[in-house]
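Welcome! Take a moment to look over the chain, and then let us walk through some of its helices and loops together.

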Amino acid sequence: MAGRIEGKVVIITGASSGIGEAAARLLAAEGGKVVLAARRDKTQTVVDEIKAAGGEAMFVKCDVRSLDDIDNLVHSALDAYGRIDVYYGNAGVGNFFNIEEMDIEKDFYYTIDTFMRSNWYAAKLILPHMMAQMKGDFIFTSSTAAYNGVAQGSVYAAAKAGINALMRSIAMGYGKYNIRANCVVPGLTTTELSPPGGAMEKMQIPYIPMGRPGTAIEVAHAVLFYASDECRYATGTELIIDGGGDHLGIQYPMAAEGGIDNDAFNIADGGTTAPAGKA
């Protein structure tokens with residue numbers, strides 16, 4: 001069924017690769033006018049390919065840690081299309097460290113600003129417009145880590161739990177305006193950040209009943225469902241997409257044992273995790 005979000009204006013952060021890119025392509029194919037936000041210039045290639053396939057898209061370069069960049073993103077979408085129907089907060093980062101060794105700027109604030117401050121500020125800017133039009137959707141990429149302690153991912157897990165709380169707060173406070181908020185909650189998902197045969201996959205697959213990682217497009221289909229009018233009565237919900245495993249007990253390899261190379265997390269805007277310091 002095509003045209004499931006026909007004419008809706010959709011902002012997607014972390015859209016240069018992974019889940020964000022898959023969502024942008026799928027939502028554009030279903031009639032959405034997609035605004036792709038990311039740090040990397042390669043995002044323009046995604047936009048060009050969406051347009052070549054008959055979709056409507058634009059790229060706004062954006063580091064979500066910058067409030068000025070978020071201001072520009074929201075105003076660029078409004079200038080281009082006059083409204084915002086869906087905000088999909090997907091950009092992410094991830095650092096792995098022992099708490100006592102944490103760098104407050106590089107590890108703590110980088111992660112908190114990316115996940116929490118950026119999405120709170122985007123909601124602050126976008127909500128008045130959705131309230132005026134009496135309809136809108138917020139969708140966020142959370143993580144199964146939000147439900148568990150992660151030994152060397154304490155800030156990541158806490159920030160994802162904060163995303164869930166923001167989502168529920170929007171759902172409670174703005175339902176009277178026909179504004180919904182929901183989270184997609186991926187477990188292990190194959191992206192640039194978690195490639196086939198990588199450390200994350202080797203560690204987690206034995207604990208996933210379906211015996212494989214998820215794919216970006218499988219998460220993107222959940223985003224499409226939330227963005228469509230097919231689930232107008234769903235708000236404040238978290239859709240777990242993990243093959244039955246991670247929410248029962250997530251495990252990550254210890255960086256100190258060589259299981260994760262933190263530099264590998266310095267490559268992307270578009271997965272459930274991405275790195276500090278590089279774009």
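At what angle do helix α1 and helix α7 pack, and how far apart are their axes? In this predicted model, helix α1 (residues 18–29) packs against helix α7 (residues 216–227) at about 55°, and their axes are 8 Å apart. That angle makes α1 oblique to α7. The crossing of the two is right-handed.

From the α1 side, G18, I19, A22, A23, L26 and L27 take part, meeting A216, I217, V219, A220, H221, V223, L224 and A227 of α7. Sorted by class, this contact holds 12 nonpolar residues, two polar ones and no charged ones.

**The chain as a whole**

Let us step back for a moment. The protein chain has seven helices and nine strands. Of its 279 residues, 56% count as buried. Among contacts in the chain with a separation of 6 or more, 73% are between residues 24 or more positions apart.

**More about α7**

**Helix α5 and its surroundings**

Now move along to helix α5, which covers residues 154–174. This helix has 21 residues and reaches 30 Å from its first C-alpha to its last, close to the 30 Å expected at 1.5 Å a residue.

Which residues of α5 are buried? They are V155, Y156, A157, A159, K160, G162, I163, N164, L166, M167, I170 and A171. The elements that cover them include helix α4 (104–133) and the strands β5 (136–141), β6 (179–186) and β9 (237–241).

Helix α4 deserves a look of its own. The axes of α4 and α5 come within 9 Å and cross at roughly 15°, and the two helices are therefore roughly parallel to each other. Their crossing is right-handed. On the α4 side, the contact is made by D107, F108, T111, I112, F115, M116, N119, W120, A123, L127 and M131. On the α5 side, it is made by V155, Y156, A159, K160, G162, I163, L166, I170 and Y174. These residues divide into 15 nonpolar, three polar and two charged.

| Helix pair | Angle between axes | Distance between axes |
|---|---|---|
| α1 and α7 | about 55° | 8 Å |
| α4 and α5 | roughly 15° | within 9 Å |

Most residues other than glycine have a negative phi. M134 sits in the loop between α4 and β5, and at 41% relative accessibility it counts as partly exposed.

Another is N178, also not a glycine, with a positive phi of about 65°. N178 belongs to the loop between α5 and β6. With a relative accessible area of 35%, N178 is partly exposed.

Is K42 buried or partly exposed? At 35% relative accessibility, K42 counts as partly exposed. Leaving aside residues up to four places away in sequence, K42 touches S16, S17 and E192. K42 and S16 are 26 residues apart in sequence, while their C-alpha atoms are 6.6 Å apart in space.

Finally, look for M200 in helix α6 (residues 199–204). M200 has a relative accessible area of 10%, so it is buried. M200 and T189 are 11 residues apart in sequence and 9.5 Å apart in space, C-alpha to C-alpha.

Methods
Residues numbered from 1 in each chain as written. Predicted model: local features only at pLDDT ≥ 70, side-chain atom pairs only at ≥ 80, totals over all residues. Heavy atoms only, no water. Helix = DSSP H or I, 4+ residues; strand = E, 2+ residues; numbered from the N terminus. Expected span 1.5 Å × (residues − 1). Buried < 20%, exposed > 50% of the residue type's maximum accessible area, 1.4 Å probe, protein only. Contact = heavy atoms within 4.5 Å. Axes fitted to C-alpha atoms, helices over the stretch in contact; angles between N-to-C directions. Parallel < 35°, antiparallel > 145°, perpendicular 65-115°, else oblique. Left-handed = near helix turned anticlockwise from the far one by under 90°. Nonpolar A, V, L, I, M, F, W, Y, C, P; charged D, E, K, R; others polar.
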